[in-house]
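Please open the structure in the viewer and keep the selection panel at hand.

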Amino acid sequence: MAEITAAMVKELREQTGAGMTDCKKALSEANGNMDEAVEILRKNGQAKAVKKESRIAAEGICSVVCKGDQAAAVVEVNSETDFVAKNDTFREFVHAVAEQAVSTKATDIEAFLEEKWIEDSSKTVKEALVDKIAVIGEKLSIRRFCKVEASEGCVVSYVHGGGRIAVIVEAKTSVVNDAVKEAMANLAMQVAALSPKYVATSDVSEEYKAHEKEIIAAQIAQDPKMAGKPEKVIEGAVIGRLNKELKEVCLLEQVYVKAEDGKQTVAQYLSQVSKENGTEVSINQFVRYETGEGLEKKQEDFAAEVAAQMNQ
């Protein structure tokens, strides 16, 4: 049996919002495995906010560079402190990294770091990073990058909070005009605010659905109101809750934030844009980076802030 320390209980409590006693029991049941303990709390309905991606242990910023309407790249570069993240020297370096990314042929971070540095071909990207660490006097890390190219449409980007969140949206369309690009910019802000995981429900894997159904079923089993209900009723409740969740994690199913009636979905908004521009406009993909996403430290919830900006 693994030793369950106070630090482990504290970490799990901060991660899930569950009570101290529940966290300790879950950790004991999971033999100290943090991920398994999170699952136990979810199944018991005790985890209030299980979002590992919202816990970060690094400062820094994300940056996007577009090459016309056809290509864009987003990067995340981390620093140790928020003070450095606001430093002009650091921010200029991050922008240069994004410039490198939009022209890169690399497909992974290791190859990217070994490329010739765009501002000095006598160095690699990694060597330029080491030089910048020496200048700034703080550990820096080029954590990730993603390059998006549009073959049948356009790409549009949005950066929120000075680089806390960065988004690229790729649209498939035969017409690329200001109206279409404005619509894509609106959806990039939607992605920033509501953080969908998928474009459409058809993109959701059966593995994800099965896992969530297992969690939901375990939660329903803990609900006294559902005790003794027929299996058919319970199955219906599971499917109903899953469908509700999918509407939250799939972009096209979400309510469009700028909808005047508060009911129009993103899919309906795209249909409207398509009709107004005489062509079918669809979303091929989106990329959303949030500084420190997936690392262990609390962060603010930016959704309300972004949504407020969209409605200004």
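Begin by selecting helix 11, whose buried residues pack against helix 8 (178-194) and strand 8; contact here means heavy atoms within 4.5 Å. Helices (H or I, at least four residues) and strands (E, at least two) are DSSP runs, numbered from the N terminus. The model is predicted: local features need pLDDT of at least 70, side-chain atom pairs count only at pLDDT 80 or more, and totals for chains, interfaces and linings use all residues. Residues are numbered from 1 along each chain as its sequence is written, and side-chain values use heavy atoms, with hydrogens and water left out.

Within helix 11, display Val266, Tyr269, Leu270, Val273, Ser274 and Asn277, which are buried (under 20% relative accessible area; exposed is over 50%, partly exposed in between, with a 1.4 Å probe and protein chains only). Viewed down the helix axis, the buried residues of helix 11 fall within an arc of 140°, so they line one face; the arc is that of the directions from the axis to the C-beta atoms. On the face turned away from this buried side, select the exposed Lys275 and Glu276. Just after helix 11, glycine 278 adopts a positive phi of about 65°.

Next, move to glutamate 293, in the loop between strand 8 (282-290) and helix 12 (303-310). Glutamate 293 is buried, its relative accessible area being 16%.
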